[in-house]
Amino acid sequence: MYTTEFLDIPPLAGAHGTVTLPGSKSISNRVLLLAALSRGRTVIHDLLDSDDTRVMLAALAQLGCEVTQAGSTTVTISGLGGQAPRSPARLFMGNAGTAMRPLTAALSVLGGDFELSGIARMHERPIGDLVDALRQLGCTITCTGVEGYPPLRIGQPALRLDAPVRVRGDVSSQFLTALLMALPLAGHRASMHGEAARDIVIEVVGELISKPYIEITLNLLARFGIAVRREGWQRFIIPAGSRYQSPGEIHVEADASSASYFIGLGALVAPGADGQGIRIQGVGAASIQGDIRFVEAAQAMGAHVTSGPNWLEITRGAWPLKAIDLDCNHIPDAAMTLGVMALYADGPTTLRNIASWRVKETDRIAAMAHELRKLGATVEEGADFIRVTPPATPAHWKTARIHTYDDHRVAMCFSLAAFNPAGLPVRIEDPKCVAKTFPDYFEALFALAQAAPGRIPVICVDGPSASGKGTLAGQVAERLGYHYLDSGALYRVAAHAALRSGRSLEPENEPAIADLARQLPVTFSGERVLLDGSDVTEAIRSEEGGMNASRVSTMPAVRAALVALQQGFSRLPGLVADGRDMGTVIFPSAPLKVFLTASAAQRAERRHKQLISKGISTTLDSLRADLEARDTRDSTRSVAPLKPAADALQLDNSALTIEESVETVLRWWQDRQPFGSS
């Protein structure tokens, strides 16, 4: 997951391949709570690992459920089975509406001493209609801040089941879902107090929005032994004597809302040379999620979609996409993706019946309208609709910094704007907000996408030995979320691989060592270097490893063999590469080249401290002499001599801290971006 302040996505030109989606948030948190309320143990497979599910799991553990995790996607819950939850409990729900609403209802019916709170945005999300419905039932709930909003305090109920429970349906379907999941507990509680079993009736006031999410709830309730009868969409009946019972094991479907970004991607980009588009694994035509109907909207805009029970395949059809006018009540979350797809349509697209966007993680109608305008669209918004007119020509597109409002879906859907015909990059602010439902979203996108030719950004940091270029480049890469290439490590690995294969580092073995270098199976994992999966970090970082690297670096055939390997490290979203010829030989077209240096005395002092810390005895004078001799060799060698690129910016860091050097390079980089300073 990217945890950077922002993520710059360069212009993207194509995409193809297969993506496997994480589990559905809606299903995951429903299943977790239902397992917690049931009798018996439930093993949950393919659970979404995200902020929202971690919030729910932490709350259930606080309430006394036994929670056992096997990896990040398999969890075993030992349910309460009618027992009272642990009380008192103070539960922090973050911004997880799928945890806050149903837990509020369940705990209000079960009774105890509970406080539920969240982040500031959660305290702005209305919950009054659910609270009112629960109070009708005899539950004791106090809004401790603003009436109708969290935070909440819950006490012991005096349940009344003789009349239907009424709840508004036109604000959020989560209120009805919460009641449907909680009220079987009310019947059980009443029977424990000697009251006659009776049906419990819920009546919906007004039009019920987001009906597909209620279908998910009803489907899952049935899996846990609760067979709710439905009379249209206005009346729901929980039969007398209903009891939660664990199904033993249950698998969570992949998230159909998350599928929308990759369905949209397939609709936008031309297929690969083999005709392959985008294949989505984990969700398909048999999905119980309403957002699977996003497929119909994408088809209406021109996408070609084929599907099976657990997969979808999407390729581009009509181009430009066809403008649509669509009631999106049945796909409220996925419909946001249509707003960005509308940028590529042949006219204005109108998305209607989306009033629920106003009370989500942010006011999504206002947020989408504001960010779409930044990109050059003309946008009209109303209380429950948004109309998007795309930029008239590629020249009307604008580069933009997309503010994400701590809303995962804003961040994900606007990533598709990087495929714009103007070839403009897009900056996504606070990319880590996708952790709410899809922590690895951007990694999944970059695994499928191809940048426009020559548009993957590269920063080169060259310089002499002990100048600190590796530390500087690594920290710049971390700040930007870019890949990092330590070219010196490649020479060390090449030498190590040659010696491991029984070849000495002599001139007569140069052709064989070059053959090895062309196919080095090397990867970087943080600060670790892996050769064919084995950690060789310590071996190559030794003084001997450094001397061996110097020996092979003088071999022209080895240097030539490593050129293509090094260039292959240029991957989305960008690269920071350090070495001695990154800006002159390997990436001569890099948009920023830095030549980092320091006085020989300063470099010798740094190397001295480094070696002493490792228990290696040496002197400053000998180190300085060695560095000066190495500088002479590097700058006068016949193959790729050490020298600044003609367009490199020189940075003498003799008197700078590493933090100051990093900030200098980042400032230079920002000055070259179309976004301005962030």
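Two strands pair if DSSP finds at least two bridges between them. In this predicted model, β1 and strand β24 (residues 426-429) meet that condition, with 4 bridges in the antiparallel sense. Within this pair, F6 lies opposite E429 of β24.

The pair belongs to an open sheet of 3 strands. The strand order is β1-β24-β23, and the pairing is mixed. β1 (6-9) and β23 (400-402) form the edges. Each has a single partner strand, so one side of each lacks a neighbour in the sheet. From one strand to the next, the twist averages 20°.

Helix α13 spans residues 469-480, and helix α22 spans residues 658-671. Their axes lie 10 Å apart. The packing angle is about 55°. Angles under 35 degrees count as roughly parallel, and those from 65 to 115 as roughly perpendicular. The two helices are therefore oblique to each other. The crossing of α13 past α22 is right-handed.

Residues from both helices build this contact. On α13, they are T471, L472, Q475, V476, R479 and L480. On α22, they are I658, S661, V662, E663, V665, L666 and W669. By class, the contact of α13 with α22 holds 8 nonpolar residues, 3 polar and 2 charged.

Methods: Residues numbered from 1 in each chain as written. Predicted model: local features only at pLDDT ≥ 70, side-chain atom pairs only at ≥ 80, totals over all residues. Heavy atoms only, no water. Axes fitted to C-alpha atoms, helices over the stretch in contact; angles between N-to-C directions. Parallel < 35°, antiparallel > 145°, perpendicular 65-115°, else oblique. Left-handed = near helix turned anticlockwise from the far one by under 90°. Contact = heavy atoms within 4.5 Å. Nonpolar A, V, L, I, M, F, W, Y, C, P; charged D, E, K, R; others polar.
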